[in-house]
Amino acid sequence: LIVARPDLLVFQHPAPDGRQSTFYLVPARLPSTAVSIGTGQQIVAGSEPSTFWLIGSDDSVVEVDQTGAQLAGPIPLPPNRFAVGATATGLVLQPHLQSDQSLETEPIEIFDALGARSVRTITSTGLGVLAADAQTVAWVSGADTIHVTDSSTGIDRAVDTRGYVPELVGA
């Protein structure tokens with residue numbers, strides 16, 4: 001299971017070569033038939049309940065709807081950036097995580113894919129994104145703090161986790 005929404009589920013069927021996967025949408029109401037919505041290496045939920053962003057092996061993104069119809073793209077992402085979510089103001093990007101998970105701080109930003117430009121830097125010292133929805137981005141700044149930031153205003157709320165280190169998206 002890759003994406004869960006109240007009325008649908010999206011799952012991934014990996015290709016034998018491991019390069020591209022096919023993503024299928026299944027309505028939550030059974031019985032139902034799976035619909036192929038596209039191929040890529042990864043998928044993230046769009047800011048609208050019926051949209052998704054497919055991430056290709058060439059670091060480009062394509063927006064599709066729940067029927068698989070292409071709404072935008074392919075659009076190249078900035079170098080060394082990885083899409084981990086979407087908000088109403090754009091895709092949530094972070095650098096590819098360090099393979100050794102050394103917890104080096106990196107920028108987390110909102111990227112307007114259609115305008116091909118960064119529209120907001122959420123932080124320049126983030127460890128990684130936990131989740132995103134149409135309005136907010138939850139991210140980690142240190143071993144003891146999770147931030148919840150409004151993607152359009154930049155207003156931020158810090159939550160002390162008392163030593164808990166959550167699993168990061170893309171880790």
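Alanine 116 is exposed, with a relative accessible area of 52%, because residues over 50% are classed as exposed. This residue belongs to a predicted model whose protein chain has 16 strands and 0 helices. Of the 171 residues in the protein chain, 39% are buried. Among contacts in the protein chain with a separation of 6 or more, 28% are between residues 24 or more positions apart.

**Backbone features**

- Alanine 116 is found in the loop between S11 and strand S12 (117-126).
- Although alanine 116 is not a glycine, its phi is positive, at about 50 degrees.
- Aspartate 59, also not a glycine, has a positive phi of about 60 degrees, and this residue lies in the loop between S6 and S7.
- Aspartate 59 counts as partly exposed, its relative accessibility being 27%.
- The peptide bond joining glycine 73 and proline 74 is cis, with omega of about 5 degrees; proline 74 is found in strand S8.

**The open sheet S5-S6-S7-S8**

- Four strands form an open sheet with antiparallel pairing, in the order S5-S6-S7-S8.
- The edges are taken by strand S5 (42-45) and strand S8 (70-76); each has a single partner strand, so one side of each is left without a neighbour in the sheet.
- From one strand to the next, the twist averages 20 degrees.
- Strand S7 (residues 60-65) is joined to S8 by 4 bridges in the antiparallel sense.
- Within this part of the sheet, glutamate 63 stands opposite alanine 72 in S8.

**The S9-S10 hairpin**

- S9 and S10 form a hairpin, with 2 residues between them.
- The two strands run antiparallel and are joined by 6 bridges.
- Threonine 87 has glycine 90 in S10 as its bridge partner.
- S9 is largely enclosed by the rest of the structure, because 7 of its 7 residues are buried.

**Salt bridge**

- The structure holds 1 salt bridge, formed by arginine 81 and glutamate 109, whose closest N and O atoms are 2.8 Å apart.
- This pair links distant parts of the chain, with arginine 81 in strand S9 (residues 81-87) and glutamate 109 in strand S11 (residues 106-112), 28 residues apart.
- Arginine 81 and glutamate 109 are both buried.

**Nonpolar cores**

- The largest nonpolar core has 13 residues, of which Trp53, Val61, Ile75, Leu77, Leu91, Leu93 and Ala113 touch the most other members.
- At least two residues of this core come from each of strand S6 (51-55), S8, S9 and strand S10 (90-95).
- Another core, of 11 residues, lies apart from the largest one and includes Val3, Ile43, Phe52 and Leu54.
- Isoleucine 75 is in contact with Trp53, Asp59, Ser60, Val61, Ala113 and Leu114, leaving aside neighbours within four places in sequence.

**Aromatic pair**

- The count comes to 1 aromatic pair.
- Phenylalanine 11 and tyrosine 24 make up this pair, which is stacked, with 5.6 Å centre to centre and 25 degrees between the planes; planes under 30 degrees apart count as stacked.
- The pair links distant parts of the chain: phenylalanine 11 is in strand S2 (residues 8-14) and tyrosine 24 in strand S3 (residues 21-27), 13 residues apart.
- Phenylalanine 11 counts as partly exposed at 32% relative accessibility, and tyrosine 24 counts as partly exposed at 25%.

- Alanine 28 lies in the loop between S3 and strand S4 (35-40).
- With a relative accessible area of 40%, alanine 28 is partly exposed.
- Not counting residues up to four places away in sequence, alanine 28 touches Pro6, Asp7 and Leu8.
- Alanine 28 and valine 10 are 9.8 Å apart in space, C-alpha to C-alpha, and 18 residues apart in sequence.

Technical notes
Residues numbered from 1 in each chain as written. Predicted model: local features only at pLDDT ≥ 70, side-chain atom pairs only at ≥ 80, totals over all residues. Heavy atoms only, no water. Pairing = 2+ DSSP bridges. Axes fitted to C-alpha atoms, helices over the stretch in contact; angles between N-to-C directions. Salt bridge = Lys/Arg side-chain N within 4 Å of Asp/Glu carboxyl O. Buried < 20%, exposed > 50% of the residue type's maximum accessible area, 1.4 Å probe, protein only. Phe/Tyr/Trp six-rings, centres within 6.5 Å; stacked < 30°, edge-to-face > 60°. Core = buried A, V, L, I, M, F, W, Y, C linked by side-chain atoms within 4.5 Å. Contact = heavy atoms within 4.5 Å.
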